[in-house]
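Here is a quick tour for anyone opening this model for the first time.

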Amino acid sequence: MMQWFPSLSGTARGPTEEAKKAALEQVVEGLALLDDAFVKCSKGKAFFGGDRIGYLDIALGCFLGWVRVTEKMSHLKLLDESKTPHLVKWADGFCADASVKDVMPETDKLAEFAKALMAKFKAPPPS
């Protein structure tokens, strides 16, 4: 996870198209590994730790808003049913859970925030 989020961020903030593409490849590889880890950890249950949301679900769930923003802004499908079917199902269940659904950021609002952040990063430093 420590290296995965910088890669997700790099899909938008990479200095070149090649860097952005390399970051995207790392994100896709990471999601495939997470899909496999989910299968092993969940043992057929809805969440990483079983029937209820646990620490690992929360840790990964914190990134779901940014994954959706990245998908929206790049017109790519990162959580893809054909490539990461278990993570797609997990994400749907996580976001629909009563303890989560009212606190997940709206994708459009988070995308506007991301655009403002990107503009700030691209702006020349104050003199």
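## A few residues up close

This is a predicted model, and our tour starts with Ala 32, which counts as partly exposed because its relative accessibility is 33%. You'll find Ala 32 in helix α2, the stretch covering residues 17–42. Its C-alpha sits 9.6 Å from that of Pro 85, although 53 residues separate Ala 32 and Pro 85 in sequence.

Next stop: Thr 11, part of helix α1 (residues 4–13). At a relative accessibility of 16%, Thr 11 is under the 20% cut-off, so Thr 11 counts as buried. A polar atom in the side chain of Thr 11 lies 2.6 Å from the backbone oxygen of Leu 8. What does Thr 11 contact, leaving aside its neighbours within four places in sequence? Thr 11 touches Lys 20, Ala 23, Leu 24, Val 27 and Thr 70.

Now for the cysteines. How many disulfides does the structure hold? The count is 0. Cys 62 is in no disulfide, and the nearest cysteine sulfur to it, that of Cys 95, is 11 Å away. Cys 95 is in no disulfide either, with the sulfur of Cys 62 as its nearest cysteine sulfur, 11 Å off.

| Residue | Relative accessibility | Class |
|---|---|---|
| Cys 62 | 54% | exposed |
| Cys 95 | 13% | buried |

Methods
Residues numbered from 1 in each chain as written. Predicted model: local features only at pLDDT ≥ 70, side-chain atom pairs only at ≥ 80, totals over all residues. Heavy atoms only, no water. Helix = DSSP H or I, 4+ residues; strand = E, 2+ residues; numbered from the N terminus. Buried < 20%, exposed > 50% of the residue type's maximum accessible area, 1.4 Å probe, protein only. Disulfide = S-S within 2.5 Å. Polar contact = N/O pair within 3.5 Å; in protein donor to acceptor, adjacent residues only side chain to side chain. Contact = heavy atoms within 4.5 Å.
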